[in-house]
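Subject: Handing over the structure

Hi there,

Here is the structure I promised to pass on to you.

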Amino acid sequence: MYEYDKRVVLTLDAGGTNFVFSAIQGNSQIIAPISFPSVSDNLDKCLANLLTGFDTVMKKLETLPVAISFAFPGPADYRNGVIGGNLPNFPSFRNGVALGPFLQHHYGIPVFIENDGNLFAYGEALSGALPMVNQQLSISGNTREYKNLLGITLGTGFGAGVVINNCLLNGDNGCGGDTWLMRNKKYPNMIAEESVSIRAVKRVYAELSGVKDKSLTPKDIFDIAEGIKEGDRQAAVASFGEMGEMAGSAIASALNIVDGLVVIGGGLAGASRYILPALIAELRSSVSMFSGETFPCVQMDVYNWEDEVERKDFLAPCDREVYIPGTEIKVPYNYSKRIAVLCSREGTSCSIMRGAYAYALQSIDN
């Protein structure tokens, strides 16, 4: 979607250390990214660098941009473009900064700001996992077409976004898709993110291995799991597995509302071979009643797209025809409820970029 659109949108990757500016046309970056310090503890310098960055990008463009669109850390009132609240990486924004209106007033074009989980999901729904899966279903002779998607980012935090029939679920308060705040399966009085994040992988590895080395990164722990770095391999594998289980518990709750594909991204997605098995197992677990009767925790059969055999089973046709009672007329009957869990193919940054681009253009068109 929008691959052939000629309109240009300015974008920003907003980090606590650096702002990285670029421009998108036809779903692709058209200039090399430009970086300036974010100076997140000084509001005046921060805003000045934002303007300098966008000005620098505009000087390189042959076509005037129609909008600015980017992800910015929350909490925020994204609808009104106001960033505020407890932002550890942007302390100068805590009292509330009208960032969107500031940029719109300066440049005279619409400004759209969302969180990265939402834009990741939107990019995957419009030009990533969702159309790819539907194309593969069609090639396989399966008449199913998926329209809903839950996008999950595993990294510093437990991010998520929901897209329903090509529409991003913002929520009335901008809180749609906030899985990070769900109850933690292992520690019910804590948020899910305490077990689904970079800090969780490091904590669990330290607990299981007895190694209290704070310098170890998730990449180090992954390398230990792979056997290419010295360490407790069993503990490394288990640390990613526990995160998968905890993520799966939260995702199961979300899927009973969303009922769609699940696509995984974020910096920890590179360890998916250790995360997905536990995540899938959790989605296939059961819940019970006082009578002793049990039910699957989600109504759909869950398939691991990254497993070749499971992917083939997921894609196989799953409908037949049944007669209307008392007639010779047949109607289609889809007898199998299925969802798939897969990893982002283009990568998280690319999906966020495409999501920001599509979000701006669709908002303008509507």
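Below are my notes on rings, charges and cysteines.

This is a predicted model, in which local features need pLDDT of at least 70, side-chain atom pairs count only at pLDDT 80 or more, and totals for chains, interfaces and linings use all residues. Residues are numbered from 1 along each chain as its sequence is written, and side-chain values use heavy atoms, with hydrogens and water left out.

Let me start with the rings. The structure has 20 aromatic pairs. Rings of Phe, Tyr and Trp (its six-membered ring) pair if their centres lie within 6.5 Å; planes under 30 degrees apart count as stacked, over 60 as edge-to-face and the rest as tilted. One of the pairs is edge-to-face and joins phenylalanine 19 to phenylalanine 21, with 6.2 Å centre to centre and 70 degrees between the planes. Phenylalanine 19 counts as buried, since its relative accessibility is 0%, and phenylalanine 21 is buried at 0% as well. (Buried means under 20% relative accessible area, exposed over 50%, and partly exposed in between, with a 1.4 Å probe and protein chains only.)

Another edge-to-face pair brings together phenylalanine 222 and tyrosine 274, at 6.0 Å centre to centre and 65 degrees between the planes. This pair links distant parts of the chain, 52 residues apart: phenylalanine 222 is in helix H6 (residues 218-226) and tyrosine 274 in helix H8 (residues 272-283). Helices (H or I, at least four residues) and strands (E, at least two) are DSSP runs, numbered from the N terminus. Phenylalanine 222 is buried, with a relative accessible area of 15%, and tyrosine 274 counts as buried at 16%.

There is also an aromatic cluster, whose members are Phe19, Phe21, Phe36, Phe54, Phe70, Phe72, Phe90, Phe93 and Tyr107.

Arginine 311 sits over the ring of tryptophan 305, 5.9 Å from its centre, and arginine 320 sits over the ring of tyrosine 335, 4.7 Å from its centre. The rule here asks for NZ of Lys or CZ of Arg within 6 Å of the ring centre and within 35 degrees of the ring normal.

Now for the charged pairs. Side chains of opposite charge can pair when their charged atoms come close. The count is 12 salt bridges, each being a side-chain nitrogen of Lys or Arg within 4 Å of a carboxyl oxygen of Asp or Glu. Among them, arginine 7 meets aspartate 5 at 2.9 Å, N to O; arginine 7 is partly exposed at 23%, whereas aspartate 5 is buried at 17%. Arginine 345 forms a salt bridge with glutamate 306, the closest N and O atoms being 3.0 Å apart. Arginine 345 lies in the loop between strand E18 (338-343) and helix H10 (348-365), and glutamate 306 in the loop between strand E15 (301-304) and helix H9 (308-315), so this pair ties together parts that are 39 residues apart in sequence. Through shared partners, salt bridges join Asp5, Arg7 and Asp365 into one network.

Finally, how many disulfides are there? The count is zero, where a disulfide is a pair of cysteine sulfur atoms within 2.5 Å. The sulfur of cysteine 343 has its closest cysteine sulfur in cysteine 350, 15 Å away, which is too far for a bond. Cysteine 343 counts as buried, at 11% relative accessibility.
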